[in-house]
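Work through the exercises below with the model open. Try each task before you read its solution.

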Amino acid sequence: MTARSATRTLITAAGTALASLVLAACGNGSSGAGRSPGVSAAPEALSHVHGLGVDPADGRVYVATHDGLYTVAEGQKPRLVGDRKDDFMGFTVTGKSTFVASGHGAPGSGRPGNLGLIETKDAGRTWTSRSLSGEADFHSLDSAKGTVYGYESGRIRVSTDLKNWDDRATLEALDLAVSPAGDKLLATTAEGVVISTDSGRTFGKGSGQVQAFLSWPAENSLFGIDVSGKLSSSADGGKTWKELTTVPGGQPQALTAVNADHILAATMTGVYESRDGGKTFTELAPLAS
């Protein structure tokens with residue numbers, strides 16, 4: 001096999017694996033089939049995870065799932081936040097006790113199948129619809145410098161006020177990450193991590209290093225996790241990567257780095273936390289098999 005053929009085979013395999021992650025995320029769709037209406041007690045193990053975050057107000061870890069938003073802590077059962085059992089798809093922390101999210105209303109809730117963009121200012125206890133209710137389902141959200149970046153139906157959408165949106169590039173991606181300075185936007189694709197320097201209007205070619213999820217907490221500390229759960233870091237904005245470790249549990253579901261040392265990752269078996277820059281991980285909560 002030539003070097004070119006070997007590279008093509010690798011990219012094809014990575015693309016297939018990335019596509020399976022996209023289908024898994026979309027497969028938890030808006031119908032809510034199989035779920036009972038109303039509110040139930042917090043489970044022993046969480047369902048499919050779509051997002052992770054830490055509230056800077058108190059350091060609590062939040063897990064956005066197919067069946068609501070939960071807080072988790074080592075040695076404790078997951079706790080449902082508020083009384084919404086919505087399917088939280090896109091999710092990100094934007095400030096103290098302030099989060100934005102998207103997804104699907106729970107069956108019987110009276111909320112729309114596509115929630116658009118919703119916001120909480122009391123750490124998830126109550127939510128307010130900000131825009132695109134009934135229209136949009138963001139599968140990835142990130143923010144920097146007061147601007148929110150979302151990925152919805154194959155396109156990048158950007159808002160500075162949570163109400164009005166500017167539609168930008170179209171591409172097949174799984175996750176977004178914006179630089180802390182707000183001057184670069186990354187997306188994970190089957191061809192590798194692609195970079196935009198014009199706020200998502202255009203993207204360059206993929207780096208060849210395929211990542212599933214990204215998180216960019218500091219200018220020189222970008223983290224990525226690939227389709228097999230291998231965690232890597234980049235000090236040059238995603239151009240080159242250094243492999244750190246493999247997070248327990250295989251295929252990833254979400255990644256959030258709070259800073260260069262504090263990293264959260266969800267895989268097929270649980271939600272894990274590192275306090276040493278990704279060298280070691282501790283399980284915060286198991287995931288239902």
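The exercises cover a sheet and the nonpolar cores of this predicted model.

**Exercise 1.** Give the strand order of the open sheet of 4 strands, and find its edges.

*Solution.* 
Step 1. Trace the order: β16-β17-β18-β19. The pairing is antiparallel.
Step 2. Look for strands with a single partner.
Step 3. Neighbouring strands here are turned by 25° against each other on average, direction ignored.

**Exercise 2.** How many bridges join β18 to β19, and which residue of β19 does Ser-233 face?

*Solution.* 
Step 1. Take β18, residues 230-234. Its link to the antiparallel β19 consists of 4 bridges.
Step 2. Go to Ser-233. Opposite stands Lys-242 of β19.

**Exercise 3.** Describe the largest nonpolar core: which members touch the most others, and which elements supply it?

*Solution.* 
Step 1. The core has 15 residues. Leu-46, Val-49, Leu-52, Val-63, Val-72 and Val-271 touch the most other members.
Step 2. Two or more residues each come from β1 (49-54), β2 (61-65), β3 (68-72), β21 (263-267) and β23 (282-286).
Step 3. β1 gives the largest share, 3 residues.
Step 4. Focus on Val-49. Leaving out residues up to four places away in sequence, Val-49 contacts Val-63, Ala-64, Thr-65, Gln-253, Ala-254, Ala-266, Val-271 and Leu-287.
Step 5. Look beyond this core. Another core, of 13 residues, lies apart from it and includes Leu-174, Ala-212, Val-247 and Ala-265.

Note on methods. Residues numbered from 1 in each chain as written. Predicted model: local features only at pLDDT ≥ 70, side-chain atom pairs only at ≥ 80, totals over all residues. Heavy atoms only, no water. Pairing = 2+ DSSP bridges. Axes fitted to C-alpha atoms, helices over the stretch in contact; angles between N-to-C directions. Core = buried A, V, L, I, M, F, W, Y, C linked by side-chain atoms within 4.5 Å. Buried < 20%, exposed > 50% of the residue type's maximum accessible area, 1.4 Å probe, protein only. Contact = heavy atoms within 4.5 Å.
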